[in-house]
Every structure is written in C-alpha cells, then in structure tokens.
Amino acid sequence: MPTSASPAAPSAAPSPDRSAAPSATPSGLPDMSRYDLSRPLDPTVAEHGSPFYRFAHFRLDAADGERHYLVRLALPLRAAPAAGHPVVYLLDGNAAFAALTPEHLAALDRRGDPPVIVAIGYDTPLGFDVSARAFDYTPPLDAPAVTLAEEARGRLGGGAELFLDLLTERIRPQVQAMAAVDPSRQGLWGHSFGGLLALHTLYTRSALFSRYAVADPSMWWHRGYLLHRALGGTPVAVQRATHLLVMAGSSAAEVAAAGPRPLRPGIDPEVAARARAERRCVPPDAAQQMAQQLATWPGLAVEYRVFPGVSHGPLLAASVFPALEFLIRT
C-alpha cells in the first residue's frame, strides 16, 4: 500500500482581513480548525470567477423537511468528452467549496479532463450545519434505536442511509441534467464525519462510486466503528475495480505534544473535554490500521497518505485538491 507525503497544493490568494474569516495556514489555505462557526464564510471561487469553469447551484430539502441543502457546482468550460466529464462529489460542501481556489481550477483544466465538482452543503452562509451533518453523515445502528452522533454534544445521528438516498435519487439526477458526466468516473470525498459517511458508503454501497477519498475520518465514532468494521467484519467484495485514498494529518501523539489549542468561539470547554475523551477510544494509528486492512479486500486498491504537521481541522482544506487529483485519475 503506497505511502507518500502530501503534494503541494496551489496557494490561495490572501483573503481580506475579516474577523469572520479563518486564519491562513502556511499553504495559504484556510485553517478550518480556527473558524468561528457562528460567522459566514468569505466569498468563494464562484464569486471570484474562473476562465476555466462556470458555476451553478440548486437547493432542495430533506424528505422530512428537517434539513435544507445547497448544492454548488463547478462546471468545466471545456467541451465534454464523448463519455462525459468525470464528476466529484464533496461532502461538507460549504467549507469544501470555500477551500477551492482559481489556481486549483486552472490546474484541473491543464489536465485536459477537468471534473464536474459537486459540493453538497447546507443552505446556510456558515461553513457547517453541525446538527444536520451529524445526522446525515453517521450510519444507523441496530442499538440503540436512536443513534447519538456525538455523545458529548447530544447530537442526533443515524441518517446516513436517508442521505445516500437523497444523493442518488435527487441530487445525482439534477447534476446529470445540468452537465454531461461519465457515470463510470464518479468520486466521493469527505473529511471527519464526511469521511465516516464516505467509508460507510464504501462498506454498504460500494458501486455508487469508483473512487473514494477520505481525510481524517472520524475513527473514534461509536467507539471505533470504522476500525472494527474493517478489522472484524467480512470483507466487502466490491462490484468493480474501486480505489480508496485515506489521508491523515498529525497523529494524536503529535497533537498532544503540541498542547491544547484555544477553543473556537462559542465552544463549551466542558463539552470539548468530553469530546476529546470520546476520541481516545482508538489508537493514534487507527486510520493507518484501517487502510492496511481494507487493502486486503478483493477489488479494492488503497493508498495511504500522510500530511505531516497538518492537524485535523486544517486537513479539510489541505486535502481537497489532492483528493480531486486522485478522484479523477484514470
């Protein structure tokens, strides 16, 4: 299973000095670990414009009316090949779309086969709808009947299958009506809880995508569900050649050595302490252990990539462009 350091992603132009904006990392990308969840994101690449892509969006609601989605699309200006463009779906679409830069889009165009980028977010000016994503991105479990996505915060979970139905039955058809896409080249990226959802999709509906990319998936969730499913479950025989990229930031040991970081505005210190305790249920190398085990599954090719010195929050932005390159690889 190949292991390599992260390639350097193109740098973003400096953003205006706004208290609402996340601070910049050394790569120039936004540091989502410091982002004030109560403040809107800065303007995205859609507002800045690109000579290589045009932009569109649509809105829809969950079947129960409880969650509201904003789906942003970046559509290549290049003519589609006969089979259609590759298409990449990004979870946590508000924050993921904010991590895209004009330089990223130019680099994708230079490849000659730029993808349609579909960022599935929530209808809010914020980077995240934390309650909605906690429900959408966590798998249903047999017990308890109601799954808590995060015990420390009491957020309801278990809606992953409903979300995947929404993606396949409503979002995908709308995307296909707006762009010529290649059904055989579809990829999915997720970070943290989004990575949990992407891996759940691989475990249960692997044929939905030919390539998956996950960045620091929530290995701790439900006391190590992802790791235990990989180590103790029956290997899933994927229906076609499928590729998975697992990306990891700084190890838990490195984070501990660096000392606790200041909490984001509005975060309850007691809740944060309980959340950190939840995360200690898996070993520091849990993601690598999972990747090594998944590499033994028939039909699944796995790559594991480390981003030294990049902690969990900043890995969201840092992983988007490498994931795009991986997800459209032929």
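**Entry 1: a buried charged pair**

I looked up Arg67 first: Arg67 is buried, and Asp136 is buried as well. I take buried as under 20% relative accessible area, exposed as over 50%, and partly exposed as in between (1.4 Å probe, protein chains only). I am working on a predicted model, where local features need pLDDT of at least 70, side-chain atom pairs count only at pLDDT 80 or more, and totals for chains, interfaces and linings use all residues. Residues are numbered from 1 along each chain as its sequence is written, and side-chain values use heavy atoms, with hydrogens and water left out.

Arg67 and Asp136 form a salt bridge, with the closest N and O atoms 3.1 Å apart. The term needs a side-chain nitrogen of Lys or Arg within 4 Å of a carboxyl oxygen of Asp or Glu. This pair links distant parts of the chain, 69 residues apart. Arg67 sits in the loop between β2 (53-61) and β3 (68-76), and Asp136 in helix α4 (residues 130-136). Helices (H or I, at least four residues) and strands (E, at least two) are DSSP runs, numbered from the N terminus.

**Entry 2: other salt bridges**

I found eleven salt bridges in the structure. Asp92 pairs with Arg133, the closest N and O atoms being 2.8 Å apart. Asp92 lies in the loop between β4 (85-90) and α2 (93-99) and Arg133 in helix α4, so this bridge ties together parts 41 residues apart in sequence. Both ends are covered: Asp92 is buried at 3% relative accessibility, and Arg133 is buried at 12%.

Next I checked Glu161, whose side chain meets that of Arg205 in a salt bridge (2.6 Å, N to O). Glu161 is in helix α5 and Arg205 in the loop between α6 and β9, so the pair ties together parts 44 residues apart in sequence. Glu161 is partly exposed, at 26% relative accessibility. I also noted one network, in which salt bridges that share partners join Asp64, Arg67 and Asp136.

**Entry 3: Leu167**

I stayed in helix α5 (residues 160-178), which holds Leu167. Leu167 is buried, at 0% relative accessibility. Beyond four places in sequence, Leu167 touches Ile120, Arg172, Pro173 and Phe209. Contact here means heavy atoms within 4.5 Å.

**Entry 4: strands β10 and β11**

I followed strand β10 (residues 242-248), which runs parallel to β11 and is joined to it by seven bridges. Strands count as paired if DSSP finds at least two bridges between them. Leu245 stands opposite Glu303 in β11. Five of the seven residues of β11 (residues 300-306) are buried, so the strand is largely enclosed by the rest of the structure.

**Entry 5: cores and helix α10**

Which residues touch the most other members of the largest nonpolar core? Leu244, Met290 and Leu294 do, in a core of 61 residues. Such a core is a set of buried Ala, Val, Leu, Ile, Met, Phe, Trp, Tyr and Cys residues joined through side-chain atoms within 4.5 Å. Leaving aside neighbours within four places, the contacts of Leu244 include Leu199, Tyr212, Leu294, Val302 and Phe326. A second, separate core has 34 residues, among them Val45, Phe97, Phe128 and Met247.

I then listed the buried residues of helix α10 (residues 286-294): Ala286, Ala287, Met290, Ala291 and Leu294. Seen down the axis of α10, they fall within an arc of 135°, so they line one face of the helix. The arc is taken from the directions from the helix axis to the C-beta atoms. These buried residues pack against α6 (193-204), α7 (221-232), β10 and β11.

**Entry 6: two positive phi angles**

Most residues other than glycine have a negative phi. Ser192, not a glycine, has a positive phi of about 60°. Ser192 lies in the loop between β8 (181-191) and α6, and is buried with a relative accessible area of 11%. Asp216, also not a glycine, has a positive phi of about 40°. Asp216 is in the loop between β9 (211-215) and α7, and is buried at 13%.

**Entry 7: whole chain**

I counted eleven helices and eleven strands in the protein chain. Of the 330 residues, 53% are buried.
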